[in-house]
Amino acid sequence: MTAAPLALPDLAHKRVELVTGSRSGITIGVALHSSALGPGLGGCRLWRYRHWSDGLGDVLRLSSAMTLKNSLAGLDYGGGKAVIALGPDDELDDGRRRDALLDLGDLVHSFDGTYITTEDVGVTEHDMVVVRERTPHVVGLPASLGGAGEPAEGTALGVHASLEVVLERVFGSRAVADRSFVISGLGQVGSRLARRLAAAGARLHVTDIVDKRALADELGAIWIAPEQALTTAADVLVPAGLGGVLTASVIEQLPVRAVVGPANNPLAERVGAAQLAERGILYAPDFLVNAGGVIHLALMAEGATSVVLDARLRAIGDTLARVLDAAEAEGVTPLDAAEALAVERVQGAGRAGR
């Protein structure tokens, strides 16, 4: 790619709040990036950080990505995110966890419905039941309580649809059989995606920071150490853990033809998208391909049928194809093209006064 990156407008955050939980004493933050399309919708991440400012940086990045994700997914929701930022020495027993979730509920409620929370890394659908004690602005409760349930299957389906589009672009066929994949991260989404790919005849190398060799054996996959995920040759790298792994030095040696995965923000720096393109590695923007979870939560909350939901999840692949077409026509990276398409919809809603 030789064209300069698109000059996207600076969509500043609408509201950011960081508090010390009155019950838990833990730093809790909510960032509402945009509500042009509707209330901000995005999960809460519970994670351990070296300093509270790292948690703030995380929630700012993730909330802006949710604006792009929800826009490209065609949802009438803006972008928002929450974080429960544990310190290096914070102990979190069951009682203090509950307190932190109640504190989160209070903070979410202070946004008066402009931000709706749900689960993310470190948080479960059952945790949302606790948050719901303090605010109605929650989705993703267990199906047994009338909620949308676990959204990971929706995310996995959207990533799988995206993989098929990328395989067609790179190899001329959507067939998964006999293609090789490195899946880095076997959590709720990564494990489901691994099962889908294995059932379709893919050759898998898998890893996780937790020893899940039993799953690898079950799938007929090759287990590799976590540090080998970025150096193992394959057709496609599927980052399915935490973000920031694709640094400049990693990209320079990356032995794959494409990168497609559910991990948020896998690029350590935005310029990594151009570096991947220069190496001939097709990068499918994360906020596009991993939108299945939020689509599941949003549509289930609106009472959509399973047929409608399935069609919207599979349409993620159609959106990716449109983005790849635009990138090729305009001589920009898929990241540039995806951002431009998402921002266009957000700005259009803003001009219409939504």
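Across the protein the average pLDDT is 93, and 95% of the residues score at least 70. The stretch to treat with care is residues 1–8, where pLDDT stays under 50. The model does have 17 contacts for these residues beyond four places in sequence. Where pLDDT is low, however, predicted coordinates should not be read in detail.

Let us turn to the helices. Helix 1 covers residues 52–72, a run of 21 residues. From its first C-alpha to its last it reaches 31 Å, close to the 30 Å expected at 1.5 Å a residue. After helix 1 comes Gly 74, with a positive phi near 75 degrees.

Which residues of helix 2 are buried? They are Ala 100, Leu 101, Leu 102, Asp 103, Leu 104, Gly 105, Leu 107 and Val 108. If you look at what surrounds them, you will find that the buried residues of helix 2 pack against several elements: strand 1 (15–20), strand 2 (27–34), strand 4 (44–48), strand 5 (78–86), strand 6 and helix 3 (125–131).

Leaving aside residues up to four places away in sequence, Ile 295 touches Ala 73, Leu 75, Leu 309, Arg 312, Leu 313 and Ile 316.

How many aromatic pairs does a search of the whole structure find? There is 1, formed by Phe 111 and Tyr 115. Their ring centres are 6.4 Å apart and their planes meet at 65 degrees, so the pair is edge-to-face; the cut-off for that class is over 60 degrees. Phe 111 is buried, with a relative accessible area of 1%, and Tyr 115 is buried too, at 0%.

The loop between helix 2 (94–109) and strand 6 (115–116) also contains Asp 112. Although Asp 112 is not a glycine, its phi is positive, about 55 degrees. Is Asp 112 buried or exposed? Its relative accessibility is 66%, so Asp 112 counts as exposed, the cut-off being over 50%. Asp 178 is another residue other than glycine with a positive phi, in this case near 70 degrees. Asp 178 sits in the loop between helix 4 (152–171) and strand 7 (180–184), and at 56% relative accessibility it counts as exposed.

Our last stop is Thr 232, in the loop between strand 9 (222–223) and strand 10 (236–239). With 14% relative accessibility, Thr 232 counts as buried. A polar atom of the Thr 232 side chain lies 2.7 Å from the backbone oxygen of Gln 228. Not counting residues up to four places away in sequence, Thr 232 touches Val 182, His 205, Ile 224, Pro 255 and Val 256.

Technical notes:
Residues numbered from 1 in each chain as written. Predicted model: local features only at pLDDT ≥ 70, side-chain atom pairs only at ≥ 80, totals over all residues. Heavy atoms only, no water. Helix = DSSP H or I, 4+ residues; strand = E, 2+ residues; numbered from the N terminus. Buried < 20%, exposed > 50% of the residue type's maximum accessible area, 1.4 Å probe, protein only. Polar contact = N/O pair within 3.5 Å; in protein donor to acceptor, adjacent residues only side chain to side chain. Contact = heavy atoms within 4.5 Å. pLDDT = per-residue confidence, 0-100. Expected span 1.5 Å × (residues − 1). Phe/Tyr/Trp six-rings, centres within 6.5 Å; stacked < 30°, edge-to-face > 60°.
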